[in-house]
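Subject: Structure for your files

Hello,

Here is the structure you will be working with.

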Amino acid sequence: MSDLKGKVALVTGGTRGAGRGIAVELGAAGATVYVTGRTTGGSRSEYNRPETIEETAALVTEAGGEGIAVQVDHLERDQVKALVDRIGRDHGHLDVLVNDIWGGELLAQWETPLWEHDLDAGLRLLRLAIDTHIITSHYALPLLIKRPGGLVVEMTDGTKEYNDDNYRVSFFYDHAKSAVIRLGFAQAQELRTYGCAAVTLTPGWLRSEMMLEHYGVTEANWRDAAAREPHFVISETPRYVGRAVAALAADAEVMRWSGQSLSSGQLAREYGFTDVDGSQPDCWRYLVEVQDPGRPADTTGYR
């Protein structure tokens, strides 16, 4: 595939998980991809995990694109501005912005009410999950609107429909994930005049590095985790949502999606792509129709 040859993308929070999957699939489509994060071969974020932005950039290049790793803390305005200035100097334009920064796994206290949740941790979570996206868009959008066809993808967890009807386990997590959906909607209104689109996108149950580690499995034997959590059978790889972003970025009529809350499973049906195993998991429909009602795990008709 070379649908995105000549296109320039910025994938923030691309160290691991969905960000890495998105960066790699944009590279597979021929794009030049700037990958940002805080963890490099020489220093780690508070996550203290081994994945690095250099590894992601190398995977982008190996897939067929050009991966460029840049260490950036997206709460630091000067660092974000310097990144965008560099992209402007080197390329003169930005075609795809993926706001995938999260950083809250170590801060969320699940099933803990607001008044018992550590307040500093909760407010830090909101800064990492929301402020980073706003700061990045503030500096990047002037470059993106230089020519029509630009795309902003706000990454979150859950569709608007699902999040509107379901409490997402923690006050701060719930607020963060729903707020990002509104960020995508608001940017769509402001970008429309320039012929650029903004959407919000959610993966399903993601087999990220951290999730696989949590269940004590690898990508090779991930189905073994179903013994502990039967509904894990609906899970998907980070490459699946990456293919969703690549499909949107290559769509000449992407404006039809602008302002909408989308999912990887929904877009797979629309564009015809699959996960790496050839399946098309539809996690959010599965949650509503199977998992949440307490029915036995069964992916028949859902992947």
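The largest cavity is lined by Lys7, Leu94, Asp95, Leu144, Arg147, Pro148, Gly149 and Gly150. The model is predicted: local features need pLDDT of at least 70, side-chain atom pairs count only at pLDDT 80 or more, and totals for chains, interfaces and linings use all residues. Residues are numbered from 1 along each chain as its sequence is written, and side-chain values use heavy atoms, with hydrogens and water left out.

On a 1 Å grid over the protein atoms alone, a cavity is a set of points where a 1.4 Å probe fits but cannot get out; a pocket is an open set with protein on both sides within 12 Å along at least five of seven lines; lining residues have an atom within 4 Å of a point. A volume is the space filled by probe spheres set on the points, which are joined across faces, edges and corners.

The whole structure has one cavity of 30 Å³ or more. The volume of the largest cavity is about 40 Å³.

The largest pocket has a volume of about 1,500 Å³. It is lined by 50 residues, of which Trp102, Glu105, Asp157, Tyr173 and Met211 are the closest to its centre. Among the elements that each supply at least two lining residues are helix H1 (17-28) and strand E2 (32-37); helices (H or I, at least four residues) and strands (E, at least two) are DSSP runs, numbered from the N terminus.

Leu114 lies in the loop between strand E4 (96-99) and H4. Leu114 counts as partly exposed because its relative accessibility is 38% (buried is under 20%, exposed over 50%, partly exposed in between, with a 1.4 Å probe and protein chains only).

Regards
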